[in-house]
Amino acid sequence: MSVGKMSELKKGERGKIVSISSGSFRQRLLGMGLVTGSEVEMIGVAPLGDPIEVKIKGYNLTLRKNEAATITVEVM
């Protein structure tokens, strides 16, 4: 298994959140359920590459690419 940024996942790829960098939107991401150990699946990317859509805890979540780049995932 490899480790990378959530923003680098390919469509259909799954990952487990390893860490979230400290930043201005860290608390917002934690509040949306993006916590260490949660599994995410890349659903898709907008035509211009931003935003991205992931599935986490049974719901779909859309994030800006720069927000997803602060999340480190272990690719499964």
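Is Arg 14 buried, partly exposed or exposed, and what is its relative accessible area? In this model Arg 14 is partly exposed, with a relative accessible area of 37%, where buried denotes under 20% relative accessible area, exposed over 50%, and partly exposed the range in between (1.4 Å probe, protein chains only). The model is a predicted one, in which local features need pLDDT of at least 70 and side-chain atom pairs count only at pLDDT 80 or more, while totals for chains, interfaces and linings use all residues. Residues are numbered from 1 along each chain as its sequence is written, and side-chain values use heavy atoms, with hydrogens and water left out.

The strands form an open, antiparallel sheet of six members in the order β1-β6-β2-β3-β4-β5. Strands (E, at least two residues) and helices (H or I, at least four) are DSSP runs numbered from the N terminus, and two strands are taken as paired if DSSP finds at least two bridges between them. From one strand to the next, the twist averages 40 degrees, with axes being lines fitted to C-alpha atoms (for helices over the stretch in contact) and angles running from 0 to 180 degrees between N-to-C directions.

Strands β2 (residues 14–20) and β3 (residues 39–45) run antiparallel and are joined by three bridges. Within this pairing, Glu 39 of β3 is the bridge partner of Lys 16, and Glu 41 of β3 is that of Arg 14. On to β4 (residues 52–56), β3 pairs in the antiparallel sense over five bridges, with Met 42 opposite Val 54 of β4. A hairpin is formed by β3 and β4, with six residues between them, and Gly 49 in the turn has a positive phi of about 90 degrees.

Three salt bridges are present in the structure, each defined as a side-chain nitrogen of Lys or Arg within 4 Å of a carboxyl oxygen of Asp or Glu. Arg 14 forms one with Glu 39, the closest N and O atoms lying 3.4 Å apart; this pair connects β2 to β3 across 25 residues. Arg 14 also meets Glu 41 in a salt bridge (3.6 Å, N to O), with the two residues 27 apart in the chain. Glu 39 is partly exposed at 37%, and Glu 41 is partly exposed at 23% relative accessibility. The side chains of Arg 28 and Glu 67 meet in a salt bridge at 2.5 Å, N to O, which links helix α1 to helix α2 (residues 65–68) over 39 residues. In this pair Arg 28 is partly exposed at 46%, whereas Glu 67 is buried at 4%. Salt bridges with shared partners unite Arg 14, Glu 39 and Glu 41 in one network.

Three serines lie in loops. Ser 38, between α1 (26–31) and β3, is buried at 8% relative accessibility. Setting aside residues up to four places away in sequence, its contacts (heavy atoms within 4.5 Å) include Gly 15, Lys 16, Ile 56 and Lys 57. Ser 7, in the loop between β1 and β2, is buried at 16% and, beyond neighbours within four places, contacts Ile 52, Lys 65, Ala 68 and Ala 69. Ser 21, between β2 and α1, is partly exposed at 32%.
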